Amino acid sequence: MNDKSTFGIGRLYEAKEYRRKLEDDDQKRCVLYSCFVLLAYTNTTNPSATAMEKTLFGTILSSSCAPSNQPGPIESSQLFENPSRMTQADVELAEQMAFSNSALIIDCMSKLFLKLCQLSPRTRHLLLLWVGRLLHANNGRIKLASIMSSHNAPPRDECSDGLMLNLCAVLLRLCKPFSLPQSPKLMRIHPQYCRQRFSESNDQEAKHHHLWGVSEETYLVQLDENQVNTIEMPSEYNFICDIFFLTHQSLHLGLHSTFERFANLNRDLNRIQTAYQQLQAAGSPDVEAIKLMFEGAMKRFMCMRVALVDPELLKPVLQFHVATSTYLTHLATGGDNSVPFSSLTFPLKEPNTRLLGCIPEHIITNITDAMSEVIHVAEHFMDLILVFMGSKSRLKNPHLRAKLAEVLYEIMPSQEQDTYAMSRLNSHNVLKERLFKEHRNVDRLAEVLFDVFVGIEITGDSVEFEQKLSYRQPMYKVIDYIWKIDLHRKAVAKLSDAALADIENTDPPLFLRFVNLLVNDARFLLDEALGFMKQIREKESERDSSSSTLRGRELEQFEADLAQIINISRFYNSAAVDTTHTLALLTSNCSELFCHSIMVDRICAMLNYFLLMLTGPKMKEFKVKDFDKSEFKPSVVVSEICQIYLNLSHSAEFCQAVSADGRSYSPQLFPQTERVLKKINKPSDMIQAFNSLGVHIKNAAVQQMEDDELSSSAPEEFLDALLNTMMKDPVILPSSKQRVDRSTIARHILSDQTDPFDRSPLTLDQIIPDTELKSKIFTWLQEQRNKL
């Protein structure tokens with residue numbers, strides 16, 4: 001290996017020399033004091049990030065295979081000189097070389113840091129001051145990570161990814177003594193550390209507190225100024241507390257931001273690859289230039305990937321996060337430093353809000369970054385998910401709670417069917433399946449999942465529907481998985497029963513709110529999906545009819561527009577399948593809630609409308625040349641919708657609501673659907689059941705038509721003041737004194753808790769049943785029917 005091979009070999013030689021000297025007792029003190037002199041430099045200056053990287057420690061730590069963040073050639077590109085021509089053996093050899101060099105750096109610097117911490121309080125202070133100032137100088141890394149990872153990006157004042165990742169690994173070594181689940185040493189961590197403010201007279205050295213700017217963070221729970229002022233601050237902190245929060249800050253600024261940059265780089269690669277394929281197909285002369293761009297981006301990608309999967313980093317970071325999870329769960333269930341760890345049990349104790357209000361949000365973010373890599377220690381992360389994901393009193397940020405739901409999806413047993421990978425996956429899946437089946441509190445999972453699903457809707461923030469949907473899509477996958485497990489189905493059934501019992505409560509039950517949003521999502525997604533399929537068909541027809549007139553740039557723009565519509569349609573089609581499938585699952589076991597007067601009209605109108613669109617005369621409007629490109633699966637959606645009909649078919653209220661839908665229902669709806677079911681080869685018993693339901697609903701429709709004719713001559717007092725339809729269960733609104741049907745006002749209150757006539761506050765338990773009028777309506781109807 002020569003001076004130009006791999007990366008920073010001169011710095012590696014220095015690292016070897018330091019390690020050799022540290023092992024020599026005669027020279028140890030000399031080396032440590034020379035480091036002390038170098039560290040003292042940072043005590044009198046306020047250096048920038050790039051200046052910190054030029055210090056002795058910064059220079060050694062920056063030796064890494066990770067590419068520089070600054071414009072210019074990739075220093076470590078020799079590892080992956082020609083990535084497109086490298087074999088798997090070449091890649092593995094380069095990785096092992098990088099891992100070996102990284103281990104040398106981390107081992108050397110870990111020993112050096114530990115010796116400095118042990119030498120004296122003063123050297124420990126100067127070392128941690130150097131770390132704290134380096135982290136403070138790199139506070140902008142999170143924001144900058146969102147910038148495109150192009151090699152042409154402007155210079156930035158931040159340390160390299162390599163330095164930050166190596167620093168993480170070194171600090172994690174210092175945390176090893178307490179990186180165990182429920183370690184007693186974790187009780188020495190004081191959350192108040194992150195609310196500590198310093199004045200000129202309040203020295204950081206005396207307080208043993210070296211993390212600058214942490215008091216400006218966003219915390220798990222929002223506290224007002226009075227609550228913050230009443231937090232009892234320790235007179236001083238300790239090394240474990242100090243290094244714990246310094247390490248989390250380094251993981252946030254180092255590992256998390258590098259992951260963000262890596263994700264951006266991956267998107268860049270996909271864009272470049274797509275552009276290359278398009279130019280190659282068009283025979284463009286620019287194809288070679290973009291090929292070179294792709295090679296450069298691939299080098300950066302492979303170098304960064306190796307740095308992120310370094311075993312010297314991943315193993316200790318997982319251990320550290322497991323320990324952190326047990327500590328956070330302890331605080332969130334009423335514990336503090338004076339109370340020993342105990343097993344998690346439900347119902348949960350009240351959280352220690354003041355202490356949770358001292359924990360920065362980024363600690364949860366750090367943990368979620370690592371959770372998907374966890375297998376054998378996942379039970380502690382499951383505790384964290386169950387405690388925080390469904391509780392805004394413990395974790396205020398709904399987006400972060402949704403991130404926990406996403407992680408839950410990532411740690412689900414793999415559904416891979418690839419036989420090559422199955423031998424490894426099977427052992428992992430067994431452990432993961434146990435987590436979802438045997439964890440002591442996993443029966444609470446459905447409840448917390450529904451809670452965060454609803455919480456995304458009521459964030460109070462201006463969140464686009466597509467963003468909410470991106471949060472919810474992993475939740476649909478989790479619901480689909482846990483539905484196969486008996487204890488989870490029973491848990492959902494209990495939530496449904498509780499919702500029915502409390503359906504008129506001032507605060508709508510959780511499961512009712514969840515179902516309401518699910519139906520809203522299904523309506524919107526299916527409507528948007530069909531709208532995009534119609535656009536694609538129109539575009540394809542336009543292309544076929546004008547293919548001879550479109551040329552050059554005009555043709556390229558047309559194809560680009562069509563490709564964009566297809567890309568967007570994939571998003572909506574995939575989500576529409578997920579939501580309809582989730583509805584089919586829930587209606588199979590919780591049908592009573594869906595057939596309640598609050599919900600039944602809405603779900604029937606939705607089912608009828610989309611069944612008509614997908615099986616009626618308009619179905620041809622959505623027939624495009626390639627369904628797969630758009631992930632359009634009309635046969636799947638029709639099957640799921642028909643299954644929902646069958647799941648609810650036992651309810652007279654449901655059958656009546658289907659037939660009463662004047663917008664989409666007609667006697668032809670079910671026969672034309674049967675023809676489609678036969679065409680897509682659905683089981684004969686399903687088709688027969690659907691046929692029988694259609695006959696039953698047709699008879700109900702005849703009765704409904706007769707009632708509608710009767711209601712046309714009904715007295716005005718029998719009519720709903722809002723919809724002008726004849727009421728079945730009249731109620732009086734307490735403020736406006738208007739009379740409406742119970743189902744009408746129940747649907748309104750579910751989304752808007754006000755009187756629709758005077759906008760005064762209104763809840764379902766406040767409405768007044770008009771039993772006298774209900775009796776009059778029933779008697780009148782009977783008399784009219786007897787006259788026929």
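Predicted model: local features only at pLDDT ≥ 70, side-chain atom pairs only at ≥ 80, totals over all residues.
1. **Overall make-up.** Let's begin with the whole chain. The protein has 788 residues, and 52% of them are buried. Its secondary structure consists of 32 helices and three strands.

2. **Contacts and surface.** Now for how the chain meets itself. Among contacts with a separation of 6 or more, 77% are between residues 24 or more positions apart.

3. In soluble globular proteins, nonpolar side chains tend to be buried together. Here the largest nonpolar core holds 221 residues, and the members touching the most others are Phe 113, Phe 436, Phe 511 and Tyr 645. Helix 22, spanning residues 510-545, gives the most to this core, with 16 residues. Besides this, there is a second, separate core of nine residues, and Ala 714, Phe 718, Leu 773 and Ile 777 are included in it.

4. **A closer look at Tyr 645.** Leaving aside residues up to four places away in sequence, Tyr 645 touches Leu 607, Asn 608, Leu 611, Phe 654, Val 658, Leu 669, Phe 670, Phe 690 and Leu 693.

5. **The largest pocket.** At least two lining residues come from each of helix 25 (600-615), helix 28 (652-660), helix 30 (684-711), helix 31 (742-751) and helix 32 (771-787). By type, the lining of the largest pocket divides into twelve nonpolar, nine polar and 13 charged residues.

6. Rolling a probe the size of a water molecule over the atoms shows where empty space is left. In this model, four cavities of 30 Å³ or more are counted, and the largest cavity has about 100 Å³ of space. The largest cavity has 15 lining residues, with Ser 64, Ser 102, Asn 166, Ala 307 and Asp 310 nearest its centre. Helix 5 (88-119), helix 8 (161-174) and helix 12 (287-308) each contribute at least two residues to the lining of the largest cavity. That lining has ten nonpolar residues, four polar and one charged.

Conventions. Residues numbered from 1 in each chain as written. Heavy atoms only, no water. 1 Å grid on protein atoms, 1.4 Å probe; cavity = no way out; pocket = protein on both sides within 12 Å on 5 of 7 lines; lining within 4 Å. Points joined across faces, edges and corners; volume = space filled by probe spheres on them. Helix = DSSP H or I, 4+ residues; strand = E, 2+ residues; numbered from the N terminus. Nonpolar A, V, L, I, M, F, W, Y, C, P; charged D, E, K, R; others polar. Buried < 20%, exposed > 50% of the residue type's maximum accessible area, 1.4 Å probe, protein only. Contact = heavy atoms within 4.5 Å. Core = buried A, V, L, I, M, F, W, Y, C linked by side-chain atoms within 4.5 Å.
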